[in-house]
Amino acid sequence: MILDKVAEAVTAKVAGYAILAGLLLLILLALSVTMNVRQWADHRAYVNGERDRLTAAAAKASAETSARIATAAGRDNTALLGQLREIADRAQRTRTVYRQAAARAPLAANCAPGQARLDAVNAGADK
C-alpha cells in the first residue's frame, strides 16, 4: 500500500514534469516559428528593396544611354548626310564620265553578240 502511494506520487510527479516539458517544448516551437516567419519577412523586404534599387539603376542607365545616343545622333546624322551627298555627287560624276566615254567610242559592228544575234533572240529563234 505504501509502495502504491509512492508509485502514484512518483507517477504524478513524472506526469507533471512531462506536461511541463511538453508545454516548454511547445513554447519553444512557437518562438522558433515566430522567429523564422520574421526572418522570412525581413528577407522578403530586403529582396524587394534590392529589386527596386536594381530596377531604378537600370532605368537610370538606360536613360543616360538614350541621352548619349540622341546627342550623338544629331552630330552623326549631319556628318552622315554630308558623306551621303559626297557619294551621290561622285556617283553622278562617274555616271556622266561613263556616258561620255561610251558616246565617244561606239561599239564596232562586229562586236559580240552582234545585231543579227540580237534580232534572232528578240524574234525567239534561240528557243
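**View 1. D52 and its salt bridge with R51.** D52 is partly exposed, with a relative accessible area of 45%; this term covers values between buried (under 20%) and exposed (over 50%), computed with a 1.4 Å probe and protein chains only. The model is predicted, so local features need pLDDT of at least 70 and side-chain atom pairs count only at pLDDT 80 or more, whereas totals for chains, interfaces and linings use all residues. Residues are numbered from 1 along each chain as its sequence is written, and side-chain values use heavy atoms, with hydrogens and water left out. Side chains of opposite charge can pair when their charged atoms come close.

**View 2. The salt bridge between R53 and E50.** The N-to-O distance in this pair is 2.5 Å. R53 and E50 lie three residues apart in helix α1, which places them about one helical turn from each other. Helices (H or I, at least four residues) and strands (E, at least two) are DSSP runs, numbered from the N terminus. R53 is partly exposed, with a relative accessible area of 47%, and E50 is partly exposed at 24%.

**View 3. The salt bridge between R75 and D76.** The closest N and O atoms of this pair are 4.0 Å apart. R75 is exposed, with a relative accessible area of 55%, while D76 is partly exposed at 37%. The structure holds three salt bridges.

**View 4. A nonpolar surface patch that includes L29.** I19, L23, L26, L29, V33 and V37 make up a patch of about 580 Å². L29 belongs to helix α1, residues 2-104. Patches consist of residues with over 30% relative accessible area and no salt bridge; like charges are joined within 9 Å and nonpolar side chains (Val, Leu, Ile, Met, Phe, Trp, Tyr) within 5 Å.

**View 5. The protein chain as a whole, for context.** The chain has two helices and zero strands. Of its 127 residues, 2% are buried. It exposes about 11,400 Å², of which carbon and sulfur atoms supply 66%; accessible areas come from the Shrake-Rupley method with a 1.4 Å probe, and for residues only the protein chains shown count as cover.

Notes: Salt bridge = Lys/Arg side-chain N within 4 Å of Asp/Glu carboxyl O.
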